[in-house]
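Hi everyone, thanks for coming. I'd like to walk you through one structure today, going from the whole chain down to a single spot and back out again. Have a look at it first.

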Amino acid sequence: MLRVQLSLRRGEFALEAAFDAPTPGVTALFGRSGSGKTTLVNLIAGLLSPDAGSVRLGDELLTDRATGLAVPPERRRIGYVFQDARLFPHLSVQGNLRYGERRARAAPALIGFAEVTALLGLEGLLARQPHQLSGGERQRVALGRALLARPRLLLLDEPLASLDLARREEVLPYLEALRDRLAIPMVYVSHQFEEVLRLATHLVLLEGGRVLAAGSVNALSLDARLQRVLGPDLVGAVLDGTVTHTDAAEGSAQLAVGGGTLQVSLRGVAPGTRVRLQVLARDVILATQPVQGLSVRNALPGTVCAIERDELGALVHLDVGGAMVLARITAQALDALRLRPGDAAWTLFKAISTRGHAFTLRTPRPS
Amino acid sequence: MQGLLAPAELEALRLSLAVAARSVVCSLPLAVLIAWVLGRGRFPGRTLFDALVHLPLVLPPVAVGYVLLVLLGARGSLGGFLARHFGIVLPFTTAGAALATAVMTFPLMVRAMRLSLESIDQGLEDAARTLGAGALDRFCSITLPLMLPGILAGAVTAFAAGLGEFGAVITFASNVPGVTRTLPLALYTAMQSPNGDALALRLAGLSFALGLLGLLAAEYLVRRVRRRLGRS
């Protein structure tokens, strides 16, 4: 468990944040730019010193203003992947990778050199100089360099922000592999919800230097405070499921989610794989009775739990076989269906509009 | 060379090279340290310290030579101490000429190094910290190698400038043939003597060629190192 409780004032900007990041697990620090995400990771790394507060990793206190304790960054064993990679320009890729490894001999090895280069696809790059690498390659080398320093915790400060969409897709699978295979605790800074969805188990929502909400990604996807930051297009329940059947020809898979079965677009997964998916609220259709003759692949019986009316209409929370799903409908539709909490309703959404991603790491229960 | 230059001229050339080389080699570590202190240090009086380091650039070289003579001369406070306890005598020696040259070229060296130090992204040093490198380790493994273009440029420029140092050398180390009579001093002597015109012209040409060679070498070295670092 990483326990953070920090305050820092720099001119106009004031940071006042406290949160716990479960370990193992991937905790996303999510918020708009200027919300204090990078400042927070710099404080955790020890590169910045807070005005007050403490940082505790496991049993070890790393920063404590009350007693004046401040373990220097070089002795924290906290890996840091910067937004701009920060590869050493005078060293080859190999030299960069070995830099931290050579200085961490005393610590227990997390992963060996050969394994890192294989996991991150760096075998062909070892002899190159950093300026000969693409942006995506640079970030992969930075990731490998941080891992080889045998960290107890990995901080990633928007590692994909400087990359274009195609390059992001090139690096994301490596981050997923890292999370699922190494189970190293990570704190991942991002302002892209897509990345949070693919990588994080937990989410700390920051705004103006304060923690607005914190919890599992699944729970917070139902939370209005996160929805306000995301905007109406990205609101939707985040569900975890397990693949039961796959149809390679159609590129679809059946998932067991809660007590029900969903059909979603998903390729390259074997039955048994755990999958994370988001069902966007605006893609969900509600019906008060079973409908027939529709192309929609998912029609699940559920119960209305709550209805939030807002300026866009209504956001309906439904319990679908133990899993929570959100549906965005207009005020007129709500009135026409006369939905009330406790009512039964059919939840319909298209397989094609629901994308899932393999997500092996289980969300640890808060202890 | 032997055919082109008279033994005395050859001697002056050899002395010039020796004096400049000694001055560069001895002042290099100190220059790196001062450049680092000025580039990264935050302490009261930094601006004054900066001005002091750069003072030889704007002072008359004769004044620098004179101050050295007062300090390090046989009757000077420091000079007397050095002579009594260590048997080191600097005025009127080749070592003294090198010292005077070093003081004069020191600001050039520091300036080049400091510029290259300030162009280093301090984020790289932060990255090294998170990878477990302590202060001295970071300096040796990151800062120093990245300063290399500046260190080379500073050293070669100081060497080229040191070949021609006149005022401070003649004031502090005098004009002793074979000991402190470097190229510019030999040139000055030739100009003072009757029938020395041809000799003076040859020595001036030689100084000119050496200076040009030095500057070109500095440029070439810096470019090569920069290319290796991926900065064009």
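This is a predicted model: local features need pLDDT of at least 70, side-chain atom pairs count only at pLDDT 80 or more; totals for chains, interfaces and linings use all residues.

From first C-alpha to last, helix 4 of chain A reaches 20 Å, close to the 20 Å expected at 1.5 Å a residue. Just after this helix, R150(A) takes a positive phi of about 55°.

Now, what sits in the loop between helix 4 (135-148) and strand 8 (153-157) of chain A? That is the place of A149(A). Is A149(A) buried or exposed? It counts as buried, because it has 25 C-beta neighbours inside 10 Å. One of those relationships spans some sequence: the C-alpha atoms of A149(A) and E101(A) are separated by 4.6 Å, although the two residues are 48 apart along the chain. Setting aside residues up to four places away, A149(A) touches G79(A), G100(A), E101(A), R103(A) and A104(A) in its own chain, and L131(B) and G132(B) in chain B.

That brings us to the contact between the chains. Here 21 residues of chain A meet 15 residues of chain B. On the chain A side, strand 7 (78-81) and helix 2 (93-102) each supply at least two residues. Strand 7 gives the most, with three.

Let's zoom out to chain A as a whole. It has nine helices and 21 strands, and its C-alpha atoms fill a box of roughly 65 × 50 × 35 Å along the principal axes. For 367 residues, a compact globule would have a radius of gyration near 21 Å, and the 22 Å of chain A agrees with that. Buried residues make up 43% of the chain. If you take contacts between residues at least 6 apart in sequence, 67% of them join residues at least 24 apart.

Chain A is divided into domain 1 (2-230) and domain 2 (236-358), and their C-alpha centres lie 33 Å apart. How many residues does each domain bring to the contact between them? Domain 1 brings seven and domain 2 brings 11. On the domain 1 side, helix 6 (193-199) and helix 7 (217-220) each supply at least two residues. That side divides into four nonpolar, two polar and one charged.

In soluble globular proteins, nonpolar side chains tend to be buried together. The largest core here has 166 residues, and those touching the most other members are A28(A), I44(A), L155(A), L203(A), V325(A), A100(B) and M113(B). Helix 5 (residues 94-118) of chain B gives this core its largest share, 14 residues. Why do I say that the core lies between domain 1 and domain 2 of chain A? Because both of these domains give residues to it.

Beyond its neighbours within four places in sequence, A28(A) is in contact with Y188(A), S190(A), V196(A), L199(A), A200(A), H202(A), L203(A) and V204(A). One of these partners, L203(A), was also on the list of residues touching the most other core members. Thanks, and I'm happy to chat about any of this.

Conventions:
Residues are numbered from 1 along each chain as its sequence is written. Chains are lettered from A and ligands numbered from 1 in the order in which they are written. Helices (H or I, at least four residues) and strands (E, at least two) are DSSP runs, numbered from the N terminus. The radius of gyration is taken over C-alpha atoms; the globule rule is 2.2 Å times the number of residues to the power 0.38. A residue is buried if 20 or more other C-beta atoms lie within 10 Å of its own, exposed if 12 or fewer, and partly exposed in between; C-beta atoms are placed from the backbone. Two residues are in contact if their C-beta atoms, placed from the backbone, lie within 7 Å. A nonpolar core is a set of buried Ala, Val, Leu, Ile, Met, Phe, Trp, Tyr and Cys residues joined through C-beta atoms within 7 Å. Domain bounds come from an automatic or database domain assignment. The expected span of a helix is 1.5 Å times one less than its number of residues. Ala, Val, Leu, Ile, Met, Phe, Trp, Tyr, Cys and Pro count as nonpolar, Asp, Glu, Lys and Arg as charged, and the others, Gly among them, as polar.
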